[in-house]
Amino acid sequence: MTDLDADVAIIGAGFGGSLTALICERIGLRPVLIERGTHPRFAIGESSTPVADLVLRSLADKYDLPRLTPLTRYGSWRRTYPDVACGLKRGFSYFHHRAGEPFTPQDDHSNELLVAANPDEERGDTHWYRADVDHFFVREVQAAGIPYFDRTEIEAIEDGQRWRLTARRDGEAIHVAAAFVVDASGQAGVLARALGIQHNATALKTDSRTVYAHFRGVRPWHDVYAELDGNTDDHPFPCDAAALHHVFDGGWMFVLRFDNGVTSAGFVLDRNSPEFGAADDSLSPADEWANLLRRFPSIARQFEGARLVEPLRRTDRLQRLASRIAGPNWAMLPHTAYFLDPLHSAGNAHTLSGIERLTTILSGSPNPADRAQGLAEYERTMRREVTLLDSLIHGCYTGFARFELLTAFSMLYFTGATYSEHRRRAGRRGPDDAFLSADNAGFFEAVTKAYDAVRSLAERPTMTGEDASRYEGDVAGLIAPYNVAGLCDPTKRNMYPYVEAASIG
């Protein structure tokens, strides 16, 4: 039998749980990390962003974790850790498809959108091959001498003067007493189950499901695009070195390429779509995948000859939101507290932002009342962030059928992201700054107004080009106080190179 006394028990050894353990050890707390599975293992949630990189770099500097710093840029990652697979992400690329028709490139790029997130390959963002990345973080935990138990099933969690966790590993009983518990178990929601906390998605607007897997042999979209007589001279970066989105009325597809030859890809479908929403349980995931490719011939060309690395997975509704996120002596990391949709690649960045906020609380005043107040604010802030992100995602779903609405509304996400990013770079980030500027009342109101307007437009039986142009102008006006990256500029023709911030409020 193993009997441990700890300050913080962390459940779940994805990168979020492992990073939390490393920081807790650096601030003088005694963490223990418990994992039901083992590494390396498949995990989804792979695309990083500039904000994610900035937060990780800040945490590495603040808590003296220099081995994490190379992971914050593509160039330094590949030089320092060539055995930890990643992919180059220069930005976000979108291509609009119509079911039953091949993609037809337009000279004015009216069915494309490319938004650069960094200036060059050396300073590029990354896609995280999570099997390697999560394993890397766990090895850092082990190298730090932090107690780590994998293949461990938690059988009971009791809250009293101190938490009491009872677990079993390879037949051996493990007892952990801890003053604080962090639930980093993601969808498993280990602590939520123990405390009877429900997950409810009814308050969320986004309603999607997915069919996804890892593949080898996926053709670059650039090659298919060229075969379709597309001209990439105006593209601000290679369209495959990105979070590549194929969008269509009823959903979208992500395509993320790693340097080890693996590509992560999945269809994410609006469950309210008449054509794609309802899953046919009589079909296997592989059959549904084949049917979807048949509906989109140009995407099918990209996947000609692609081979599955593992079987396709299919989900029901993706969305979940815990009814409670934190208490006086416990907290959930963002990915455990909620999930919305992979659109906008927000997951890893939000997890890192949550860790930044939570570990600041844990390293602060030991007074129980002060900590409880901080944790209550942690929950309030995260709920506001989720509300904002839900609108930013669902508004894009509204625009999938009319690409000009999508390009206009998506500028709100890029505005929130770049505004937050540039405030950090300029050293103007406040201790209470929220993810994607969710704490900024003016920006939050701008998103709400733009969301309501795009929903109203989408409900019209017909929409004219004049309606779309007026909406684009309205969005430009709404984001103007926060638009540090030259977004919503019609002269760019949907091709946005990386620009440094001109000014920051």
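Reply: The radius of gyration is taken here over C-alpha atoms, and the globule rule is 2.2 Å times the number of residues to the power 0.38. For the 505 residues of this chain the rule gives a value near 23 Å for a compact globule, and the chain has 22 Å, which agrees. The model is a predicted one, in which local features need pLDDT of at least 70 and side-chain atom pairs count only at pLDDT 80 or more, while totals for chains, interfaces and linings use all residues. Residues are numbered from 1 along each chain as its sequence is written, and side-chain values use heavy atoms, with hydrogens and water left out.

Of the 505 residues in the chain, 57% are buried, where buried means under 20% relative accessible area, exposed over 50% and partly exposed in between, with a 1.4 Å probe and protein chains only.

Turning to the rings, the structure holds 27 aromatic pairs; rings of Phe, Tyr and Trp (its six-membered ring) pair if their centres lie within 6.5 Å, and planes under 30 degrees apart count as stacked, over 60 as edge-to-face and the rest as tilted. The rings of Tyr-397 and Phe-400 have centres 4.9 Å apart and planes at 55 degrees, so this pair is tilted. Tyr-397 is buried, because its relative accessible area is 8%, and Phe-400 likewise counts as buried, at 1% relative accessibility. Elsewhere, one aromatic cluster is formed by Phe-215, Phe-248, Phe-267, Phe-276, Trp-289, Phe-296 and Phe-303.
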